[in-house]
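Work through the exercises below with the sequence and the model open. Try each task before reading its solution.

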Amino acid sequence: MISTANAVTHWRKGSSFALLAFLSACGSAGPTPDLLLTNAALVTLASASPTSGAIAVTGGRITCVGDCQPGPKTRILDLSGRTVLPGFADSHLHLSGVGFREMELNLEGTQSLDQLLAGLAARVSQTRPGEWIVGRGWIEAQWDPPVFPTAADLDRFSPENPVYLARADGHAGVANSKALQIAGVTGDTKPPLGGDILHDSLGVPTGMLIDRAQSLVRTHMPRQTPEKLREALVRGAEFLAGKGWTQVSVAGASAAELEAIEQLIDEGLIGLRVYGAMAGPSEDAEKLLSEGPRPRHDGRFSVRGVKIVMDGALGSRGAALEQPYSDGPSTSGLLMHEPSELLPFLERALRSGIQIQTHAIGDRANRIMLDLYGQAFAAVPEAERAVAEPRWRIEHAQILRPADIPRFAQLGVIPSMEASHAITDLHFAPARLGPERLAGAYAWRALVDAGSKIAGGSDAPVERGDPLVELYAAAVRKDLNGFSDDDWHREQRLTREEALRTLTDWAAYATFEEDKRGSIEVGKWADFTVLSGNPLEVPEAEIPLLEVAMTIVGGRVIYDSSAR
């Protein structure tokens, strides 16, 4: 319990956190709760906190934890012994992509090329001739044999409808002949910088487009209307709330998408907290650099980051590696930017207080970005920065040279990683990388031991977007069937509490909000995920099977399983 004198001293200094703690400590002098969660098992991630009891909420913030009493108008939720955790936060996803996945041809979990083609045939039967068919979600590495689909495969079932089906990672896709014809892609077409067009032995495009080459077809697809974007954002947010997420960081969105998200929040159609990063370098990103961060006092929405994409994905052999791919020695991946061209942009970001978030998967891309970050930090001393501790991030950080692992903590760079990638990629990454490079792959334990706080996310719709799968993957390092390859370095797994922290307080640190959320403490936002059991205690195989009973943001229930 804090002393009255200390609380008043901090309150006079402007600390609302201390004031709320003071009011709670004073019992009847405190505010009457709007909401009281009772009969709960508590995982607070705060020191010396109770493991069971109640949580009182007033004005969207926590005002009591443990032995809390209601007022005459307090709404009481009896949780019947369910587990309450700090609200899960996804440090990296694509909100509209999650919604569009639910609206378009969803190929997630496709187990074979034949299954993909069956899904396409069903969609063709529901589509008017000449209309585009767009889908996403396939991963050829899960098929037997693990081969990319081709335009000829798609043509068998859709000769008249143009088709584009993106791989799950969004860094590659396959087009049918009709789509290639509309786009004017032939054997003579040159891929753009940072992209590739795959060809057969005769030099004919196979239909597979890698990274920026996808734009050759995408620019001819039907334009996204504002109405469809709003529908996708709402559907995506509803899906994520149902999975227990309370806050999401939207990676590399357009200004139009971020404006739509804020409007939908204001209209009460999105209940999540959203932290936005614009795609850049771009005209919109330059505007953000000139204006500075855009936070809101209610904590529901902010735009503070710019996402740069430095390389492609491992599955489509676009990740930039130091040495050629073990199963594709003709390539070592793709770089999306000339490194030297990025440095002036990075220096301006430091002076404007904008957080840089760079997609880097391969060891070459990660090394280059750590070098560039270090050069920018050296060029712009703390006295010239808008934020002395910029907390720049590398998104994914999947394949690292051992020498680069400690550099994250040394530079103050946050590894923002998705544990589910490791349990998906374990089925093809050994072939892509070979045994030596696997030592620095998905190296969570080594990063944490070197002093890093990992910001955990899902990268949905690349992955499903389930925090329990992310927690399981980080702590268990096996796929959902319990399989882990002998060479998959299970010593790199985290403890369950560390895995939980990647989705709570460490995620909050990555958005400069560790004093507002990430643990259940008096004064913090009343953001909670309520589960059927405790993921720190159940058998490991049961972690992904736990049910989300309730998702609460700012004391407002945005998902309730009993209301479905």
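Contact means heavy atoms within 4.5 Å. The model is predicted: local features need pLDDT of at least 70, side-chain atom pairs count only at pLDDT 80 or more, and totals for chains, interfaces and linings use all residues. Residues are numbered from 1 along each chain as its sequence is written, and side-chain values use heavy atoms, with hydrogens and water left out.

**Exercise 1.** Is helix 17 enclosed or open, and what packs against its buried residues?

Step 1. Helix 17 spans residues 467–476. Ten of its ten residues are buried, so the helix is largely enclosed by the rest of the structure.

Step 2. The buried residues include Glu-470 and Tyr-472.

Step 3. They pack against strand 6 (88–93), strand 13 (245–253), helix 14 (419–425), helix 16 (444–449), helix 18 (496–502) and strand 21 (528–531).

Step 4. Check the ends. At the start, a side-chain oxygen of Asp-466 comes within 2.9 Å of the backbone nitrogen of Leu-468. Arg-477 follows the helix, with a positive phi near 60 degrees.

**Exercise 2.** How do helix 3 and helix 8 pack?

Step 1. Helix 3 (residues 95–103) and helix 8 (residues 226–242) meet at about 95 degrees, their axes 7 Å apart. Axes are lines fitted to C-alpha atoms over the stretch in contact, and angles run from 0 to 180 degrees between N-to-C directions.

Step 2. Helix 3 is therefore roughly perpendicular to helix 8, a class that covers 65 to 115 degrees.

Step 3. Among the residues making the contact are Leu-95 and Phe-100 of helix 3, and Leu-233 and Phe-239 of helix 8.

**Exercise 3.** In what sense do strand 22 and strand 23 pair?

Step 1. Strand 22 (residues 548–553) and strand 23 (residues 556–560) are antiparallel over four bridges. Pairing requires at least two DSSP bridges.

Step 2. Met-550 has Asp-560 in strand 23 as its bridge partner.

Step 3. The two strands form a hairpin with two residues between them. Gly-554 in the turn has a positive phi of about 60 degrees.

Terms used. Buried < 20%, exposed > 50% of the residue type's maximum accessible area, 1.4 Å probe, protein only. Polar contact = N/O pair within 3.5 Å; in protein donor to acceptor, adjacent residues only side chain to side chain. Parallel < 35°, antiparallel > 145°, perpendicular 65-115°, else oblique.
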